[in-house]
Amino acid sequence: VAHTVVAGLEHPWAVAFLPDGRYLISERPGRLRLATADGRLLTPIAGLPPIASSGQGGLLDVVLDSDFARNRMLYFCFSEPGSGAGQGKNGTALARARLSDDGLRLEGLQVIFSQRPKIASRLHFGCRIVERRVGGQSDGTLFLTLGERFTEKDQAQNLQSHLGKIVRVTKDGRVPPDNPFVGRADAWPEIWSLGHRNVQGATLAPDGTLWIHEHGPQGGDEVNRPAPGKNYGWPVITYGENYGG
């Protein structure tokens, strides 16, 4: 039997459970909501950055820091609008902020990663966040999944593009020195793995292994365990059929 826990949401995308029994819910149009343990939906939380909400883009994943009970930090990813020469384009971005003590607003907002290049597309943002743990303890880094934006699928094989990649950064946006492409002139150092299409599911196994699932083309969905530096093939290899043949 299904039970309605919270009603009145518009395209909820992610849920993050707070230690006190309440939970955060991201709504794709660009709202972050706090719900009480008994299902009451509170006023949207203030302090989000500008969000390019169209198509598959908007406010997407939200996760709590592993030490949230002490520091009240959270991370979220969203479709970030371009500016200047990038006007009309967008890309996946990762931000961090502190949830105020009263739960009404975000404080100290910082965008710690922005996908390059920005693309004029409403599709394939990826946008799932996982805090990495080694030996059961956080190592201070985050995985972020990045779609290849559909029209730019060939860039999933380009190591000087973030499209179609999983990246790994520290909680303040720096490059971890043990990332697989650090020191290579032909590759961007944030990249963890490549050849992905649109990864929108990600989690850690109990042993700390990253597992993902990604939307392939027709019949080509995949479950993978992204190892550092490995190429997962898209669009050179797929077990589906690309739209249009």
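This is a predicted model: local features need pLDDT of at least 70, side-chain atom pairs count only at pLDDT 80 or more; totals for chains, interfaces and linings use all residues.
Me: Which residue forms a salt bridge with Asp-65, and how far apart are the closest N and O atoms?
Reply: Asp-65 sits in the loop between β4 (59-64) and α1 (68-71), while its partner comes from the loop between β10 (165-170) and β11 (191-193), so the pair ties together parts that are 106 residues apart in sequence. The partner is Lys-171, and the closest N and O atoms of the salt bridge are separated by 2.9 Å.

Me: Is Lys-171 buried or exposed?
Reply: The relative accessibility of Lys-171 is 16%, and the cut-off for a buried residue is under 20% relative accessible area. Because 16% falls under that cut-off, Lys-171 counts as buried.

Me: What is the distance between the closest N and O atoms in the salt bridge of Lys-171 with Glu-131?
Reply: This pair also links distant parts of the chain, with Lys-171 in the loop between β10 and β11 and Glu-131 in strand β8 (residues 129-134), 40 residues apart. Glu-131 is buried, at a relative accessible area of 7%. The closest N and O atoms of Lys-171 and Glu-131 lie at a distance of 2.7 Å.

Me: How many salt bridges does the structure hold?
Reply: One of them brings together the side chains of Arg-33 and Glu-27, with an N to O distance of 3.2 Å, and both Arg-33 and Glu-27 are buried. For the structure, the number of salt bridges is 20.

Me: Is the link of Cys-77 and Cys-127 right-handed or left-handed?
Reply: A disulfide is a covalent bond between the sulfur atoms of two cysteines. About the S-S bond of Cys-77 and Cys-127 the angle is 140°, and the link is right-handed.

Me: How many of the nine residues of β5 are buried?
Reply: Strand β5 pairs with β4 in the antiparallel sense over four bridges, and with strand β6 (residues 90-99), again in the antiparallel sense, over nine bridges. The strand is mostly covered, and the number of its residues that are buried is eight.

Me: Which residue in β6 is the bridge partner of Leu-74?
Reply: Leu-74 belongs to β5 and stands opposite Leu-64. The pairing of β5 and β6 is antiparallel, and in β6 the bridge partner of Leu-74 is Ala-97.

Me: Which residues does Gly-30 touch, not counting residues up to four places away in sequence?
Reply: Gly-30 is found in the loop between β2 (23-27) and β3 (31-35), where it is partly exposed, with a relative accessible area of 22%. From C-alpha to C-alpha, Gly-30 and His-11 are 9.9 Å apart in space, and in sequence they are 19 residues apart. With sequence positions up to four places away left out, Gly-30 touches Leu-48, Ile-51 and Leu-59.

Notes:
Residues are numbered from 1 along each chain as its sequence is written. Side-chain values use heavy atoms; hydrogens and water are left out. A salt bridge is a side-chain nitrogen of Lys or Arg within 4 Å of a carboxyl oxygen of Asp or Glu. Buried means under 20% relative accessible area, exposed over 50%, partly exposed in between (1.4 Å probe, protein chains only). Helices (H or I, at least four residues) and strands (E, at least two) are DSSP runs, numbered from the N terminus. A disulfide is a pair of cysteine sulfur atoms within 2.5 Å. Contact means heavy atoms within 4.5 Å. Two strands pair if DSSP finds at least two bridges between them.
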